[in-house]
Amino acid sequence: MGALVASTLNIQAQKFFTKDGTIRFFSNAKLEKIEATNNKASIVYDPASGAIEIASVIKGFVFENAFMGEHFNETYMESTKFPKANFKGKLENPSAVNVTKAGTYKAKVVGELTMHGVTKPVSTDATFVVGGGKIDTDAKFNIKASDYGVNIPGDKSENISNVIEISCKSSLTELKK
Amino acid sequence: MHFNVPTILKTGLIASALFLFQVLHAQQDTTDLLSLLGEDEPTRDFTIATFKSTRVINMQSIEGVAAGHLDFRISHRFGTINSGAGDLWGLDQAYMRLGLEYGVNDRLMVGIGRSNVNKEIDSFIKYKIIRQSSGLKNVPVSISWFSSMVVRTTPFANPDRSNYFSSRLYYCHQLLIARKMDEALSIQVAPTLVHRNLVADSTQQNDIYAIGIGGRYKITKRSSFNAEWVAVPGSQLDPTYKNSLSIGFDIETGGHVFQLHFTNSKPMNEKGFITETTGDWKEGDIQFGFNISRIFSVVKPKVKPQE
């Protein structure tokens, strides 16, 4: 009986994490498609409460053209002032994902995204693939740059879209304390 | 197995206490899950964009072209403003340098350019020795080394004597030391040596020592005010030659940087504006000019996507 309690407890307290999640954003403007990838996002997922937190360093986004990256950091994201972007949220229904049983689960994630010093609510449907001791996650959502105080000047509106698609992929493993 | 009542009770009590603890614990955790990963490993945070361009105005800045990128530069100076209305205040004349400059890696850049002033071809290397950074390693300044060689291709002034190809050559070496003081202000000093293989007469020195001082102040996110002064101390040069002084603006638009300025220097390569500037600011003997820099990405950076 004691062992049973302990093992349940263990599953309950289990957290999953990664330090090299991929966050990619994509701007599809009339004249130009711009894409950047960050492979160093930190993600922690707590299946018991359904809570998810994500953090990424803005300077860690890599662009095809280094000049774009410089503009992104200097002009738009002001990454010296606002070095990180954070997401703090949870599964709308924490039991939608069963981390003890292999399978593919869909769950709605709701939370708040903070970047460039502005916090806004975001929500999206995410996929969780449980199996082989890990959880692969995949989510995609759109944000408006202007919502976060990132203003794209009029003469750039054909090069940079105000609507930015953000995708987040990761492979989470158990966090051992 | 056999349980007596007190044992069951005891187990139940412990279980519920554990359960309660776990609930409380879980609630506590949701407030900051990321802290479970521990403190971020400190990283070395390199200072970016000390200057928007590889030039302050005429003078080289500590910046290089990013690795795998090609910078096509058009530098243009009109005639002197005091040439009057007949020459449309100098706009009738054009002095230019066309340059192709490439970032070999994050530290090394190489470039080649051709100026119509004295029909000169210059080639140079610039290497970032030290990069300003904070975080894991605190480095207060960036230091780059710059070396160039210029070939003057105009006919020799005195064709009757025996002239050597080496007489066409000029060299410039600079140590560029810059600090981005804050988001807006960056300053640079540049101890400089120019060597001329051939000079006009025996009163002229072959080696000229100079010091460049420059800086930029950001006015908006995409524009800055720039100024630079390259002083040749003492009487190393003939009094006809003045110190190069330039003021201007950098305007950044997407893949271009426009640099607009007023300068008393016509030549656009280093040995030129350092030792052959003839314009005098006091007489209005200055010209309007611009540099346009267009950056192309040649080698795409590899980003390892997660499958």
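Visitor: Among contacts in chain A between residues at least 6 apart in sequence, what share join residues at least 24 apart?

Guide: This is a predicted model. Chain A has 177 residues, of which 34% are buried. Of its contacts between residues at least 6 apart in sequence, the share joining residues at least 24 apart is 58%.

Visitor: In what order do helices and strands follow one another in chain A?

Guide: Chain A contains 2 helices and 9 strands. Its C-alpha atoms fill a box of roughly 70 × 25 × 25 Å along the principal axes. Read along the sequence, the pattern is α-β-β-β-β-α-β-β-β-β-β.

Visitor: Which residue is the bridge partner of A:Arg24 in strand 9 of chain A?

Guide: Strand 1 of chain A also pairs with strand 9 (residues 163–174) of chain A, in the antiparallel sense and over 8 bridges. In strand 9 of chain A, the partner of A:Arg24 is A:Ser167.

Visitor: Which residues touch the most other members of the largest nonpolar core?

Guide: The largest nonpolar core has 44 residues. Its largest share, 5 residues, comes from helix 2 (residues 66–76) of chain A. Leaving aside residues up to four places away in sequence, A:Ile43 touches A:Phe17, A:Thr18, A:Gly21, A:Ile54, A:Ser170 and A:Leu172. The core members that touch the most others are A:Ile43, A:Tyr45 and A:Ile54.

Visitor: Which strands make up the closed barrel of chain B?

Guide: Chain B has 2 helices and 14 strands. The closed barrel takes in 12 strands with antiparallel pairing, in the order 2-3-4-5-7-8-9-10-11-12-13-14. Neighbouring strands of this sheet are turned against each other by an average, direction ignored, of 20°.

Visitor: What is the bridge partner of B:Ser223 in strand 12 of chain B?

Guide: Strand 11 (residues 223–231) and strand 12 (residues 244–253) of chain B pair in the antiparallel sense over 8 bridges. In strand 12 of chain B, the partner of B:Ser223 is B:Ile251.

Visitor: Is B:Phe124 buried or exposed?

Guide: B:Phe124 is found in strand 5 (residues 120–130) of chain B. Residues up to four places away in sequence aside, B:Phe124 touches B:Gly111, B:Phe146, B:Ser147 and B:Ser148. A residue needs 20 or more other C-beta atoms within 10 Å to count as buried. B:Phe124 has 21 C-beta neighbours inside 10 Å, so this residue is buried.

Visitor: What distance separates the C-alpha atoms of B:Phe124 and B:Phe46?

Guide: B:Phe124 and B:Phe46 are 78 residues apart along the chain. Their C-alpha atoms are separated by 25 Å.

Visitor: Over which residues of chain B is the pLDDT below 50?

Guide: Chain B has a mean pLDDT of 88, and 87% of its residues reach 70 or more. For the model, the scores are ipTM 0.72 and pTM 0.81. One stretch of chain B has 6 contacts in the model beyond near neighbours in sequence, and its pLDDT is below 50: residues 26–30.

Conventions: Residues numbered from 1 in each chain as written. Chains lettered and ligands numbered in written order. Predicted model: local features only at pLDDT ≥ 70, side-chain atom pairs only at ≥ 80, totals over all residues. Pairing = 2+ DSSP bridges. Helix = DSSP H or I, 4+ residues; strand = E, 2+ residues; numbered from the N terminus. Axes fitted to C-alpha atoms, helices over the stretch in contact; angles between N-to-C directions. Core = buried A, V, L, I, M, F, W, Y, C linked by C-beta atoms within 7 Å. Buried ≥ 20, exposed ≤ 12 C-beta atoms within 10 Å, placed from the backbone. Contact = placed C-beta atoms within 7 Å. pLDDT = per-residue confidence, 0-100.
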